[in-house]
Amino acid sequence: MLSAHTVGDIRAAEEALAATLPDGELMRRAARGLADSLGLIPAGEVVVCLIGPGNNGGDALYAATHLLDRGVRVDLCLLDESTVHAEGLAAAQAAGAQLVKAPGGQHWCLDAIFGIGARPGLTGKAAEWESWLDHERPYTFVVDVPSGVDVDGATLPGVHIGAEATVTFGTYKNALLADPAAGAAGTVSLVDIGLAPHLPSPSIEAIDAFDGHLLDRALPDERSHKYSRGVLGIAAGSEQYAGAAHLCVAGAQAGLAGMIRFVGSAALSQRVVDRAPEVVAGRGRVQAWVVGPGSGDDAESQLAMALEDGVPVVVDASALQHVPDRFEVPALLTPHAGELAAMLDTTREQVEGDPLGHATAAAQRWNATVLLKGRRTLVAQTGAPTRVNLSGSAWLGTAGAGDVLAGFAGSLLAAGLDPRDAGSVAAYLHGVASVQANPDGPIVATDVAYALPSAVAAFVRGDLA
Ligand SMILES: NC(=O)C1=CN([C@@H]2O[C@H](COP(=O)(O)OP(=O)(O)OC[C@H]3O[C@@H](n4cnc5c(N)ncnc54)[C@H](OP(=O)(O)O)[C@@H]3O)[C@@H](O)[C@H]2O)[C@@H](O)CC1
Ligand SMILES: Nc1ncnc2c1ncn2[C@@H]1O[C@H](COP(=O)(O)OP(=O)(O)O)[C@@H](O)[C@H]1O
């Protein structure tokens with residue numbers, strides 16, 4: 001699991017760690033790690049370092065001494081000569097760095113304007129540097145966090161640096177994992193400065209290939225039978241969106257439940273069973289429900305029916321318009337940004353501008369786990385670190401992919417995972433399966449469903465690493 005922490009928690013941990021170390025040791029570790037991560041810059045090239053007033057600038061100045069040692073040339077632009085990290089500047093200049101008035105002509109750039117001490121938005125000279133970057137597009141590395149982003153909120157309230165790569169220290173920051181800020185960071189690498197023992201529980205987590213154990217308690221064993229593995233009820237699809245029923249069932253069949261019951265019109269049920277003969281049509285006892293994919297006008301009555309059973313429920317698509325005031329059963333709501341905007345009576349742009357804030361608010365508002373779909377899908381639940389999904393690619397933005405996800409998540413819920421694990425593991429494996437189905441190329445939602453069972457197996461075996 002990758003984890004991110006808030007600025008307040010990082011500062012407290014850095015203080016505790018620094019108290020155990022000689023003066024300046026933390027910055028030396030950061031600078032060494034940063035320089036190692038800049039190995040891509042060939043000797044003889046010129047890198048322009050944009051240096052701000054704090055320790056973030058200090059890190060870059062000490063890293064510059066290592067770059068100069070291996071033959072990279074370094075130009076320094078100072079935001080303010082009177083507040084720059086003086087020892088760092090002296091060290092960089094002694095090693096051969098040149099002061100320049102403004103960036104110009106360099107093909108490589110290091111953003112060390114602000115780190116975790118930043119207020120969001122760049123103005124003045126820093127904003128002028130950003131327009132140069134935007135125009136000239138040198139290959140840009142960021143030190144710790146892209147300058148100008150909202151580090152904890154992961155939003156982009158004003159002018160900010162956008163980069164190819166970010167080198168961060170100690171732990172991830174919210175802005176490096178969650179969108180839209182994560183989109184400005186490029187590829188992120190983490191330098192270990194010894195902070196881990198001093199960090200509290202994270203603000204954000206991301207499942208990775210080593211988290212297959214999350215499925216352990218929902219796996220079948222030799223004593224299992226179809227009922228003990230969990231039965232999933234699905235109320236999905238309609239005359240207008242018959243395909244959603246098939247896709248939701250296909251997603252569910254790739255999960256861990258032992259059986260699926262489908263509830264819908266006689267004609268639709270017949271079509272579902274024709275395609276998936278393992279599915280049982282009609283109501284019966286279930287351990288979880290999925291309601292809403294393609295349900296259209298039937299969504300309200302289907303959700304009421306599912307809630308009567310008092311079991312965990314996945315609420316998707318049209319059923320999201322009919323959620324109760326507060327959920328009394330474990331609930332996983334799976335909106336995309338447009339659907340969450342309608343639920344919260346705001347706009348899609350507002351949700352996309354602050355997914356973390358809106359997903360968290362919705363989780364609190366409805367007493368539910370909220371899985372907000374997008375490039376970086378979030379799974380928010382009050383009182384627990386929000387999970388962000390890092391797997392998948394833009395090819396997954398294809399019709400019906402959400403229906404597959406809802407069915408798959410429901411199947412994990414029926415098999416015994418809680419809504420947060422069910423939603424976040426489902427999003428992770430859905431992304432993995434989409435890439436495995438056709439790396440770097442087009443896919444349809446059915447391809448994702450067909451690739452899921454082997455993604456599940458590889459995750460459980462630890463073979464995705
Ligand atoms: N702590 C440690 O032990 C370690 C820390 N490390 C490194 O230190 C970094 C944090 O350093 P830092 O605390 O000095 O903050 P940093 O972001 O460099 O600058 C803050 C200054 O910028 C100013 N300012 C901010 N926003 C602004 C704006 N929009 N426009 C204009 N001005 C603005 C702000 O002004 P103020 O808000 O006070 O008015 C203040 O003067 C961290 O990211 C990592 O790189 C590593 O070495 C590992 C060990
Ligand atoms: N740019 C993207 N990168 C990665 N995943 C994406 C991207 N855009 C959409 N997705 C994923 O694709 C799926 C789309 O679901 P949804 O919007 O509900 O589509 P549908 O209603 O057609 O099923 C979600 O899992 C979402 O996270």
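Let me begin with a definition: a residue is called buried if 20 or more other C-beta atoms lie within 10 Å of its own, exposed if 12 or fewer do, and partly exposed in between, with the C-beta atoms placed from the backbone. By that count Arg 376 is buried, because 22 C-beta neighbours fall inside 10 Å.

A word on what we are looking at: this is a predicted model, in which local features need pLDDT of at least 70 and side-chain atom pairs count only at pLDDT 80 or more, while totals for chains, interfaces and linings use all residues. Residues are numbered from 1 along each chain as its sequence is written, and chains are lettered from A and ligands numbered from 1 in the order in which they are written.

Arg 376 belongs to a group that UniProt, in an unreviewed entry, lists under "binding site", together with Lys 373, Gly 374, Arg 375, Thr 377 and Gly 402. These positions are spread over 30 residues of sequence, yet they cluster in space, with a largest C-alpha distance of 13.9 Å. Please keep in mind that UniProt positions are in the numbering used here, that feature names are shortened, and that annotations may be inferred rather than shown by experiment.

Where does Gly 374 lie? Gly 374 sits in the loop between β17 (369-372) and β18 (378-380), and Arg 376 is found in the loop between β17 and β18 as well; helices (H or I, at least four residues) and strands (E, at least two) are DSSP runs, numbered from the N terminus. Gly 374 counts as partly exposed, because it has 18 C-beta neighbours inside 10 Å.

As for contacts, meaning C-beta atoms, placed from the backbone, that lie within 7 Å, and leaving out residues up to four places away in sequence, Gly 374 touches Asp 179, His 336, Ala 337 and Pro 355. Arg 376, with neighbours within four places in sequence set aside, is in contact with Ala 178, Asp 179, Ala 182, Val 388 and Asn 389.

Ala 154 is buried, because 30 other C-beta atoms lie within 10 Å, whereas Asp 345 counts as exposed, because it has 6 C-beta neighbours inside 10 Å.

Notes. Contact = placed C-beta atoms within 7 Å.
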